[in-house]
Amino acid sequence: MKRVKLIVAYDGSAYCGFQVQPKAPTIEGELNKHLSSLLGEDIKVIGASRTDAGVHALCNVAVFDTESGIPGEKFSYALNQRLPEDIRIMGAEEVALDFHPRHCDSEKTYEYRITVGQFPVPTKRLYSYFIYHSLDVEKMQQAAEYLIGEHDFKSFCSVKTDAESTVRTIYDLKVEKQGEDIVVRVRGNGFLYNMVRIIAGTLMEVGKGKIKPEKMQEILQSQERQQAGPTAPPQGLMLVKYEIKNR
């Protein structure tokens, strides 16, 4: 028996998220199906980040166990010949049997992309959230500073979460202008259900002038979801980096 780690990139537009769901297309479902077919075993992958429907990733991590003699590094080539073109394996390797992508010491970086303009850009509709409102990026960054560090992020978490603890650490949170786009880039040790999208939605309310930057601390301390802003739509969100620490 051996454990293989996959680096998985995908366009999440056509999928109902990463995690398997009955009678719905998912990234995990596609990986399980094609790995099982390739190996003649009942394969069930474990993903590092269970991204929502419509969310994208450059570098999600998934592991699976197999009795196969195929070298770990060859799985990227074997799978990419079978997977649909909106899912690709960017790397593969054998890892220790006790390696678990959600339980190891790691950092994840997400980007939420916002396009501001007079009219939506059709070619960006699946990869950024379009708004007509101008946004004050400086105030958004001021508000973002309150979220850096270890906090209880219950206010920025969907009520559907099954997490045992809502305490997480954000190492860095930047709001930057990139051409006609505004990008919210957040790096942390883990994220709660819808946490990044709620942070992005709240920061957009700050950018519109509906929430003052300093109120972010009050929202954080309230531990009440209704105090924060709306959950931003999924298409603007992408997992851009996953780093294992102390390896």
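Which residues does R3 touch, not counting residues up to four places away in sequence?

## R3 and its neighbours

R3 touches V63, F64, D65, E93, E94, V95, A96, L97, D98, F99 and H100, leaving aside residues up to four places away in sequence; contact here means heavy atoms within 4.5 Å. This is a predicted model, where local features need pLDDT of at least 70 and side-chain atom pairs count only at pLDDT 80 or more, while totals for chains, interfaces and linings use all residues. Residues are numbered from 1 along each chain as its sequence is written, and side-chain values use heavy atoms, with hydrogens and water left out.

You'll find R3 in strand β1 (residues 2-10); strands (E, at least two residues) and helices (H or I, at least four) are DSSP runs, numbered from the N terminus. R3 is buried, with a relative accessible area of 11% (buried means under 20%, with a 1.4 Å probe and protein chains only). Its side chain makes a polar contact with the side chain of D65 at 2.7 Å. That term means a pair of N or O atoms within 3.5 Å, one able to donate a hydrogen and the other to accept it; residues adjacent in sequence count only if both atoms are side-chain atoms. A polar atom of the R3 side chain also lies 2.6 Å from the backbone oxygen of F99.

## The nonpolar core

Now for the largest nonpolar core: it has 68 residues, and L6 and F156 have the most contacts inside it. Such a core joins buried Ala, Val, Leu, Ile, Met, Phe, Trp, Tyr and Cys residues through side-chain atoms within 4.5 Å. Helix α4 gives this core its largest share, eight residues. F156 touches, among others, L147, M195, I198 and A228.

Note on methods:
Buried means under 20% relative accessible area, exposed over 50%, partly exposed in between (1.4 Å probe, protein chains only).
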